Amino acid sequence: MLFSSPIFLWYFLPVVLAIVLVAPRGWRNGIIAVASLLFYASGAGPSTLLLLACMVVNFWAGPALEPDEWDIDRARRRLVLVGVVLFDIAVLVIWKYAGFATEQLAAIAKLLGGDFPVVHLMLPIGISFYTFHHISYVVDIYRGERPALRNPVSFITYIAMFPQLIAGPIVRYREIADQLPQHRTHRLDDLAAGFPRFALGLCKKVIIADSLAPLADACFTTPSHAMTFGIAWLGAITYTLQLYFDFSGYSDMAIGLGRMLGFRLPENFARPYSSVTITEFWRRWHMSLSRWFRDYVYVPLGGNRHGAAKTYRNLFIVFVLTGFWHGAAWTFLVWGLYHGALLIIERGFHLEQAPESRHAVIGRRALTMVLVIVGWVFFRATDMGSALAMIGHMLLPDFTGLTDVVDVAFTNQRLVLLLLAVVILFLPAHPVTGPMLESSRGRLATGLRITVMTVGLAYAGILVATGTFSPFLYYQF
């Protein structure tokens with residue numbers, strides 16, 4: 001079930017919101033827990049059993065991880081923590097990476113004249129996200145930052161809450177623990193604040209991202225021998241914008257849905273394409289993932305506290321994991337290494353801070369944008385050969401036009417939407433539209449809310465009704 005599908009928009013969501021609004025306050029978590037499991041089961045099918053098994057293990061371990069006043073059982077708690085985290089990681093590795101690993105072993109065996117069986121497992125929807133939620137839960141309890149949940153309904157609400165279950169944002173346990181007790185009183189206020197945010201995300205996804213998708217697909221599926229400078233750059237820029245509007249649109253919808261249900265989920269995007277450095281880009285792009293890796297990998301490894309060499313090592317490890325977290329493919333690993341190398345270069349040459357000169361800021365922003373666009377080629381390409389061929393054409397200007405397939409996909413409507421989307425590349429870093437739309441009472445915010453909830457929502461509804469929607473790009477992660 002997709003947020004942008006008719007069954008969700010016209011049946012599931014109105015029913016859930018109506019029940020939450022009229023039911024007693026103490027029923028909220030139970031309603032959300034049941035609705036979330038039904039939502040997940042509708043798309044994941046038998047994989048729901050894996051989610052339930054993971055929830056049972058982590059919920060059972062929670063109380064055993066809590067420190068007492070004197071913490072006399074720290075060794076035992078550490079043993080439980082290691083065991084549960086290894087279990088969570090093993091589940092992720094087996095279901096997400098077993099196929100990739102066995103494919104590499106099979107290729108090696110073939111070169112040596114042997115044979116090796118390839119494992120084929122269906123990738124459970126949202127496994128990367130709910131695995132990170134589970135790890136956050138047990139680690140935050142072990143650190144004494146929040147108590148374990150004794151109520152299984154509250155635990156299911158945190159892990160399986162349908163707004164964020166499939167593609168984030170990644171909600172660290174300590175960010176939401178204080179919201180799980182059912183003290184919510186201003187239900188209509190939450191609905192009024194959350195709905196415009198949800199509508200904004202729906203417009204981003206359906207009107208812009210889904211419209212640009214066929215053009216990006218046509219460019220990236222162009223054979224290497226037919227690829228040109230124009231197609232390569234058109235594809236890279238189109239995908240850069242498609243991915244942003246798709247994923248930030250999902251995040252806006254998730255945050256808006258969470259607010260309507262009485263939860264404040266963390267922000268995930270803050271105008272990332274306005275960044276002046278790659279370091280700043282990662283403070284603005286998929287912020288919940290960056291914060292998760294910072295708190296549970298980078299800082300425990302030592303962060304930047306033990307000299308430059310270990311800082312670079314820690315950055316390298318984090319971005320290897322970031323790349324592989326996105327998918328079991330060499331292209332994702334190279335994308336992670338690419339960004340890790342850029343961050344290390346910026347830190348090594350003290351370039352992570354924005355320059356003071358206005359002209360230097362403009363130049364650095366343009367350079368950062370180009371570097372990000374090139375990186376997205378690795379992220380989108382089906383294999384390394386295709387990625388390198390496309391980047392090669394991006395570096396070698398020619399005067400060849402578009403192929404017939406790309407020309408057909410490049411309609412006047414998509415040209416207009418592409419030009420409108422390009423405006424995002426030139427907007428200032430602040431204000432960020434989503435939070436402003438949700439909470440600001442200024443004239444600009446009011447005008448945007450009215451526009452989004454009338455013209456934008458009506459057009460998006462027409463597109464949804466005609467079936468012109470597609471899965472969110474981050475569903476595959």
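User: Let's start with helix α6 (residues 152-160): is it mostly covered or mostly open?

Analyst: Mostly covered: seven of the nine residues of α6 are buried, where buried means under 20% relative accessible area with a 1.4 Å probe, protein chains only. Helices here are DSSP runs (H or I, at least four residues), numbered from the N terminus. Before we go on, this is a predicted model, where local features need pLDDT of at least 70, side-chain atom pairs count only at pLDDT 80 or more, and totals for chains, interfaces and linings use all residues. Residues are numbered from 1 along each chain as its sequence is written, and side-chain values use heavy atoms, with hydrogens and water left out.

User: Which residues of α6 are buried, and what covers them?

Analyst: The buried ones are S154, F155, I156, T157, Y158, I159 and A160. Their cover includes α2 (28-44), α3 (48-65), α5 (127-142), α7 (162-165) and α8 (173-176); contact means heavy atoms within 4.5 Å.

User: What caps the N-terminal end of α6?

Analyst: That's N151, with a side-chain oxygen 2.9 Å from the backbone nitrogen of V153.

User: How do I read two packed helices?

Analyst: In general, you describe them by the angle between their axes and the distance between the axes. Take α3 and helix α4 (residues 74-111): their axes come within 10 Å and cross at roughly 165 degrees. That makes α3 roughly antiparallel to α4, a label for angles over 145 degrees. The crossing is left-handed, meaning the near helix is turned anticlockwise from the far one by less than a right angle.

User: Which residues of α3 and α4 meet?

Analyst: On the α3 side, L50, C54, V57, N58, A61, A64 and L65 meet residues of α4 including V80, L81, V84, F87 and W95. By class, this contact has twelve nonpolar, one polar and three charged residues. Nonpolar covers Ala, Val, Leu, Ile, Met, Phe, Trp, Tyr, Cys and Pro; charged covers Asp, Glu, Lys and Arg; the others, Gly among them, are polar.

User: What should I look for in the backbone?

Analyst: Most residues other than glycine have a negative phi, and most peptide bonds are trans. Here, R271 has a phi near 50 degrees, a positive value. R271 sits in the loop between α10 (229-260) and α11 (278-284), and is buried at a relative accessible area of 10%. H286 also has a positive phi, about 45 degrees. You'll find H286 in the loop between α11 and α12 (287-301), buried at 0% relative accessibility.

User: Where is there a cis peptide bond?

Analyst: From H430 to P431, with omega near 0 degrees. P431 lies in the loop between α18 (412-422) and α19 (433-439).

Conventions
Buried means under 20% relative accessible area, exposed over 50%, partly exposed in between (1.4 Å probe, protein chains only). Helices (H or I, at least four residues) and strands (E, at least two) are DSSP runs, numbered from the N terminus. A polar contact is a pair of N or O atoms within 3.5 Å; within protein, one must be able to donate a hydrogen and the other to accept it, and residues adjacent in sequence count only if both atoms are side-chain atoms. Axes are lines fitted to C-alpha atoms, for helices over the stretch in contact, and angles run from 0 to 180 degrees between N-to-C directions. Angles under 35 degrees count as roughly parallel, over 145 as roughly antiparallel, 65 to 115 as roughly perpendicular and the rest as oblique.
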